[in-house]
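Visitor: Please show me the structure. I would like to ask about it piece by piece.

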Amino acid sequence: MQFQQLQYFVAVAETRHFTRAADLVHVAQPSLSQQIKALERELGADLFRRARGNITLTDAGEALLPLARRILADADTARQEVQELAQLRRGRVRLGATPSVCTGLLPDVLRAFHDRYPGIRLLIEEGGSHDLVRELARGALDLALVVLPLPTPSPALTTVELLREDLVVVSSPDAPSPGRGRRTVRVSDLEGERLVMFRHGYDLRELTVAACRAEGFEPDFAVEGGEMDAVLGFVRAGLGVAVVPRMVAAKSGRGLRVTPLARPGLHRVIALAHRSDVAPPRAARELQRMLLER
């Protein structure tokens, strides 16, 4: 049974005339008649009683008509749904990002995307780069904003560098300034400072600890285990200092002293990642374009 045959059958049933039905579906009348006969052979029953000037449905035709109409209506609905997705009127994007990127980079871009495509649902998952890479690999995310280098490089992922961001030291204005009040501080100046440290698995934790060890000392943690908002809150309360991205400090700097790191300083690379073997959906590709052009 072919979809086209059902279209022809419904046209004849509604017009009760083979020639008018052929005109309706824009096909030659002999071709329409042949397809109706082929459908009848497939079903093993006549669908029409044919008499000169009088075409009526048989019992089999009466039974098939509502089913055929439903199939055609469902096909039309499917076509419209796909067209709406293609034209970015409906759909979803599953985006993963590290918490600091969610705080610093994403709000403005997601607002612009939502304003342009209000019918697209945005599903955001926060996590460390290791977790996000795993979610990408199993197909749970369309795109992810991760920190390079990846904890475990994967040939199944495509990454595009998005930005290179400086890190800064934040502290409470009520506490002594790190680096003895200088306009910039070195990583070595953090020796003896009490640090507010992120949880295990946080990219910023590994980067900060590695930088301290490269200067020959182990960092002293006042508090550890927090997410970005918690870390900034603990710093505001005067529990210690923290190393955070400049963009996060700029957006969340109220009640914080922000001190740049002296050259060469510390920085991190944010990249946009997706699976290499599967093209992201159209809506995800549009968000990807907006992120790259921001």
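Guide: Buried means under 20% relative accessible area, exposed over 50%, and partly exposed in between, with a 1.4 Å probe and protein chains only. This is a predicted model: local features need pLDDT of at least 70, side-chain atom pairs count only at pLDDT 80 or more, and totals for chains, interfaces and linings use all residues. Residues are numbered from 1 along each chain as its sequence is written, and side-chain values use heavy atoms, leaving out hydrogens and water.

Visitor: Is Gly128 buried or exposed?

Guide: Gly128 sits in the loop between strand S4 (120-126) and helix H7 (129-137). Helices (H or I, at least four residues) and strands (E, at least two) are DSSP runs, numbered from the N terminus. The relative accessible area of Gly128 is 5%, so this residue is buried.

Visitor: Which residues is Gly128 in contact with, leaving aside neighbours within four places in sequence?

Guide: Contact means heavy atoms within 4.5 Å. With those neighbours set aside, Gly128 is in contact with Arg199, Gly201 and Asp203.

Visitor: What separates the C-alpha atoms of Gly128 and Thr98?

Guide: Along the chain, Gly128 and Thr98 are 30 residues apart.

Visitor: What is the radius of gyration of the protein chain?

Guide: The protein chain has eleven helices and eleven strands. The globule rule gives 19 Å for 294 residues, and the chain is well over that, so it is more spread out than a compact globule. The rule is 2.2 Å times the number of residues to the power 0.38, and the radius is taken over C-alpha atoms. For this chain, the radius of gyration is 32 Å.
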